[in-house]
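The sequence and the structure are shown first.

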Amino acid sequence: MGTSARTVTVPVMSDDGLSAFTHQVPVVAGINALKTTVQKADVVVNILPAKNSTHNLFDFEIFSRMTERDATFINLGRGATVVEQDLLRALDEPSIGLSHAILDVFQVEPLPLPSRLWGHPSVFITPHMATLTDDADAAPVIANSIKMFLAGH
């Protein structure tokens, strides 16, 4: 993994398909940049693959650096990148800004019924259903979701 950070411009589309505005989104590479960036992040989205260098990368040290109030962690990558017990510990610790987790993947899949993740009030579990996605259909849905999130909904 590299050690640089930069931003990309993401267009946020309106319901009628016209660009409503653009938003600068930081792109982070490297563990040192990650440790620094999560401190000010409202949302951290993990889309990392399962590799030796990413195994258990998101641990209590990373989660405890998330100091923004109501921060959200989203894992769409691989379950092996997250120490689930550390995530739960961080969600339960009031001094840490991490308040929500949206999880699509887990260390063990399907997620075992006894897992504390199922009943945790700050965890939202998505169904992890793989299917072919039509870009033309998906893009407006994703853009609208970003727009709604940025508007505070």
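## Leu87 and the nonpolar core

Leu87 is in contact with Phe63, Phe73, Val82, Leu98, Ala101 and Leu103 in this predicted model, leaving aside residues up to four places away in sequence. The largest nonpolar core has 25 residues, and those touching the most other members are Phe58, Phe63, Phe73, Leu87, Leu98 and Leu103. Two or more residues of this core come from each of α2, β4, α3 and β5. Helix α3 gives the largest share, four residues.

The buried residues of α3 are Glu84, Asp86, Leu87, Leu88, Ala90 and Leu91. Together, the buried residues of α3 pack against α2, β4, β5 and β6.

## Aromatic pairs

The structure contains three aromatic pairs. One of them joins Phe58 and Phe73, with 5.0 Å from centre to centre and 50° between the planes, a tilted arrangement. Phe58 belongs to the loop between β3 (43-46) and α2, while Phe73 belongs to strand β4 (residues 71-75), so this pair ties together parts that are 15 residues apart in sequence. Both Phe58 and Phe73 are buried.

How are the rings of Phe63 and Phe73 arranged? Their centres are 5.1 Å apart and their planes stand at 80°, so the pair is edge-to-face, the class for angles over 60 degrees. This pair links distant parts of the chain, with Phe63 in helix α2 and Phe73 in strand β4, 10 residues apart. Phe63 is buried at a relative accessible area of 0%, and Phe73 is likewise buried at 0%. Through ring pairs, Phe58, Phe63 and Phe73 are linked into a cluster. These three residues are also among the core members that touch the most other members.

## A charge over a ring

A contact of another kind involves Arg89 and Phe60. Arg89 lies over the face of Phe60, at 3.6 Å from the ring centre.

## Salt bridges

How many salt bridges does a search of the whole structure find? The search finds three. In one of them, Glu61 is bridged to Lys35, with the closest N and O atoms 3.2 Å apart. Glu61 lies in helix α2 (residues 60-64) and Lys35 in helix α1 (residues 31-37), so the bridge ties together parts that are 26 residues apart in sequence. Glu61 also forms a salt bridge with Arg65, where the closest N and O atoms are 3.4 Å apart.

Since Arg116 is placed in the loop between β5 (98-103) and β6 (123-125) and Asp92 in helix α3 (residues 84-92), the pair ties together parts that are 24 residues apart in sequence. Arg116 is partly exposed at a relative accessible area of 45%, and Asp92 is partly exposed at 42%.

## Confidence of the model

The chain has an average pLDDT of 85, and 82% of its residues score at least 70. Where in the chain is confidence lowest, and where is it highest? Confidence is lowest in strand β1 (residues 5-13), with a mean of 57, and highest in α3, at 98. Helix α3 is also the element that gives the largest share of the core.

Over residues 1-5, pLDDT stays under 50. For these residues the model has 13 contacts beyond four places in sequence.

Definitions and conventions. Residues are numbered from 1 along each chain as its sequence is written. This is a predicted model: local features need pLDDT of at least 70, side-chain atom pairs count only at pLDDT 80 or more; totals for chains, interfaces and linings use all residues. Side-chain values use heavy atoms; hydrogens and water are left out. A salt bridge is a side-chain nitrogen of Lys or Arg within 4 Å of a carboxyl oxygen of Asp or Glu. Buried means under 20% relative accessible area, exposed over 50%, partly exposed in between (1.4 Å probe, protein chains only). Rings of Phe, Tyr and Trp (its six-membered ring) pair if their centres lie within 6.5 Å; planes under 30 degrees apart count as stacked, over 60 as edge-to-face and the rest as tilted. A charge sits over a ring if NZ of Lys or CZ of Arg is within 6 Å of the ring centre and within 35 degrees of the ring normal. A nonpolar core is a set of buried Ala, Val, Leu, Ile, Met, Phe, Trp, Tyr and Cys residues joined through side-chain atoms within 4.5 Å. Contact means heavy atoms within 4.5 Å. pLDDT is the predictor's confidence in each residue, from 0 to 100.
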